[in-house]
Amino acid sequence: MNIRVKTKSGLNGIQGRLQKIYLTFSAFANAINAQKNDHNETPTLPQELGFKNLKDAWNANAAYWDQRMGEGNDFVEVLIWPPTLKFLMPKAGQHILDIACGNGLSCRRLASLGVQVTGIDFSEEMIAYARARTKEKQKLIEYHVLDATDQKGLLKLGKGTFDG
């Protein structure tokens, strides 16, 4: 049985959507791999790409990520958002913590459902993009530059204050 679905992007079927997802992440990987080390090997660590650490790598690639993810793409629509909604079962009035929120896409989507959202990311640049993209529901979203491994920083957000 062959099931066809017309998507927003004009591609037909799940195969077309998955191909677009693959192409998006291939482009991201190619951008990273273009910065190969001196031995012409594919880099695997931020240091091999010329960054001091992973945070610097995300700060350097924030514009690229924001451009690719924006307000969502086929990867988000097909693979990420549906199971996220099923898992969280968000309800208006809840308070949800979005760890590694990136450009704030999930924060904005949750806020559109009436959820109070606190988004954290260790990349200053990603948080800057998140804040710039958040024009509606600003009162429902709070962004922080915070490393998810910083226990003291996480506790400052409020112990026991999140529903998800």
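Predicted model: local features only at pLDDT ≥ 70, side-chain atom pairs only at ≥ 80, totals over all residues.

Trainee: What is the phi of Met 89, and is the residue buried or exposed?
Mentor: Most residues other than glycine have a negative phi. Met 89 is not a glycine, yet its phi is positive, at about 45°. Its relative accessible area is 52%, and since buried means under 20%, exposed over 50% and partly exposed in between (1.4 Å probe, protein chains only), Met 89 counts as exposed.

Trainee: Where does Ala 100 lie, and what is its phi?
Mentor: Ala 100 belongs to the loop between strand 1 and helix 4, and it is exposed, at 56% relative accessibility. Although Ala 100 is not a glycine, its phi is positive, with a value of about 60°.

Trainee: Which residues does Gln 94 contact beyond its sequence neighbours?
Mentor: Gln 94 sits in the loop between helix 3 and strand 1, and its C-alpha atom is separated by 9.8 Å from that of Leu 110, the two being 16 residues apart along the chain. Taking contact as heavy atoms within 4.5 Å, and leaving aside neighbours within four places in sequence, Gln 94 is in contact with Met 89, Val 115, Gln 116 and Asp 163.

Trainee: Is Arg 109 buried or exposed, and which residues does it touch?
Mentor: Arg 109 has its place in helix 4, and because its relative accessible area is 15%, this arginine is buried. If residues up to four places away in sequence are not counted, Arg 109 touches Glu 71, Gly 72, Val 76, Glu 77 and Trp 81.

Trainee: How many residues make up the largest nonpolar core, and which element gives the largest share?
Mentor: A nonpolar core is a set of buried Ala, Val, Leu, Ile, Met, Phe, Trp, Tyr and Cys residues joined through side-chain atoms within 4.5 Å. The largest such core has 18 residues, and those with the most contacts inside it are Cys 107, Leu 110 and Tyr 143. Two or more residues come from each of helix 2 (54-69), helix 3 (74-88), helix 4 (105-111), helix 5 (124-133) and strand 3 (141-145). The largest share, four residues, is given by helix 4.

Trainee: Which residues are touched by Tyr 143?
Mentor: Tyr 143 is one of the residues with the most contacts inside the largest core. Setting aside residues up to four places away in sequence, Tyr 143 touches Cys 101, Gly 104, Cys 107, Arg 108, Gly 119, Ile 127, Ala 130, Arg 131 and Thr 134.

Trainee: What separation is found between the C-alpha atoms of Phe 162 and Leu 97?
Mentor: Phe 162 lies in the segment after helix 6 (151-156) and is partly exposed, with a relative accessible area of 22%. Apart from neighbours within four places in sequence, Phe 162 is in contact with His 95, Ile 96, Leu 97, Thr 118 and Leu 157. Although Phe 162 and Leu 97 are 65 residues apart along the chain, their C-alpha atoms are separated by 6.3 Å.

Methods:
Residues numbered from 1 in each chain as written. Heavy atoms only, no water.
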